Amino acid sequence: MSEERARRGGWSGGAGAGGGPAAARAAGVARVAAAAVTAVAVVTAEALAGEGPLLVGAVPYGLGLAVLVLVAGRWPRAALLASVQTVLAFRGAGMSDVGWIWPASAAYFLVAAGAGTGRVPDEEGKRLGSLPRRVPRGLAVAVAVGVLQVVFAANWERYVAGLDGREVVAELGAETLWLALVLAAATAWRNGRNWRREEAAGRERAARERAAEARRRAEAERLRIARELHDVVAHTLTVVGVQLRVAVEALDDEPAEARAALRTAQEVRATAVADLRALIGVLRDPGEEPGAMELAPGRGLDGVGDLVEGVRAAGLQAAVETEGDPAGVPAPVALAVYRIVQESLTNAVRHSGGTRVDVRLRYGSEAVRVEIADDGTGAGDRAEDGADTRTGGGHGVAGMRERVSVLGGEFASGPGEHGGHTVRAVIPVPS
């Protein structure tokens, strides 16, 4: 039996939700059992009725219906029609007198239960046109065939056998109820099978969604880590490089200035090492939630002053202008503001070629506004997309833009109104 038939489930090759070889074997065993029960029941009923020789009538009758039950797993509706025709033929020929409906019970069950298909009731019901959309096609076929068989049997008993109306009702009433019971049992089994399938499909969808969410979170975390590494390393190397250059130039003539420059470089290096250790701690802890990294002290809004002092030590005039109360700014927004100021000041030191940079911070109840402007002439070297054309490419502006975008804010970087370069960001504050 093919893997596809095993996957489709039902009595045709799988056993409901799971499918697979084990389910296919179980379905095959169930069909064999149903065929054996059909053969034994028909032959036993004929023997108890005591009409006609068993080898001529009952045995071929029972075995024929059993064979049709076996092939019903592959051709259920054809097997049902053949079973009904067999019953009618034996009854019409006078070779059987033990029932009109129940000898074909297994075939009715298989068709109503959806044997040979992997479709759910709604999908089959859509093909029925005027019938209700939720009626399974197999059930509709079984009901139609059953009604026709009952009508044929009633006419046969009334006009061929010569029974009156009460006798016809007594003859066929129990069998009609039996047919209704078989179809109800098949419908219940079918609904249970489809429920199991839907439940399994729901688990698969949930697993795929969890995997996709895990990938999304991993990608977001990698991006966040890349931004943090860039901000920490770029700022540190820039400031340390400037201070080392100052120390080299002042070492012979002004030792005190050289020592001060080296101390500044050492302090910046120590701060960067603390930040990197915190970041590495997040990477080593698999249970750490994204965004949970704690930077070194002063890496929030209180640390903006230290950044400005570092720029002053590098030789630029720098000033900070603040407005409003920063106490209500949440930590993610504060970190974003700090990193934007840090990256902008680093770019001013490395690329602007100017002499002054101004930092303006506006703390409002709805948003924090950040503006960093320098008076340099190197604005053209800091491309709008974040690439640093002078150094061969970078990600500073792109990183700032991503930080602001993640928090739902607006970001702009470009030439200032009076020359130089200006970075502006508006970051909303959650209420």
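Arginine 91 and glutamate 157 form a salt bridge, with their closest N and O atoms 3.3 Å apart. The pair links distant parts of the chain. Arginine 91 sits in helix α4 (residues 76–92), and glutamate 157 belongs to helix α7 (residues 137–160). The model is a predicted one.

Arginine 91 also matters for reading another acidic residue, glutamate 175. Glutamate 175 lies in helix α8 (residues 165–250). Which side chain of opposite charge is nearest to glutamate 175? It is arginine 91, 5.1 Å away. A salt bridge here requires a side-chain nitrogen within 4 Å of a carboxyl oxygen. Glutamate 175 is buried yet has no salt bridge. What does glutamate 175 contact, leaving aside neighbours within four places in sequence? The contacts are Gly99, Trp100, Ile101 and Trp102.

Now follow helix α8 to another charged pair. Arginine 216 forms a salt bridge with glutamate 213, and the closest N and O atoms are 2.7 Å apart. The two residues are three apart in helix α8, so about one helical turn separates them. Arginine 216 is partly exposed, at 45% relative accessible area. Glutamate 213 is partly exposed too, at 34%.

Strands carry salt bridges as well. Arginine 360 and glutamate 321 meet through their side chains, at 3.9 Å from N to O. Arginine 360 lies in strand β2 (residues 356–363) and glutamate 321 in strand β1 (residues 317–323), so the pair ties together parts that are 39 residues apart in sequence. Arginine 360 counts as partly exposed, at 27% relative accessibility. Glutamate 321 is partly exposed, with a relative accessible area of 41%. This pair belongs to a network. Salt bridges that share partners join Glu321, Glu323, Arg360, Arg362, Glu371 and Arg424. How many salt bridges does the whole structure hold? The search finds 10.

Is α11 enclosed or open? Of its 22 residues, 17 are buried, so the helix is largely enclosed by the rest of the structure. Just after α11 comes glycine 353, which takes a positive phi of about 70°.

Helix α12 covers residues 396–406. Its buried residues are Gly396, Val397, Gly399, Met400, Arg403 and Val404. They cover an arc of only 160° around the axis, which puts them on the same side of α12. What does the face turned away from the buried side carry? There you find the exposed residues Ser405 and Val406. Glycine 408 follows α12, and its phi is positive, near 80°.

Glycine 399 is among the buried residues of α12. Alanine 226 lies in helix α8. In sequence, alanine 226 and glycine 399 are 173 residues apart. In space, their C-alpha atoms are 8.6 Å apart. Alanine 226 counts as partly exposed, at 42% relative accessibility.

Key:
Residues numbered from 1 in each chain as written. Heavy atoms only, no water. Buried < 20%, exposed > 50% of the residue type's maximum accessible area, 1.4 Å probe, protein only. Helix = DSSP H or I, 4+ residues; strand = E, 2+ residues; numbered from the N terminus. Arc of directions from axis to C-beta. Lys, Arg positive; Asp, Glu negative; His and termini not counted. Contact = heavy atoms within 4.5 Å.
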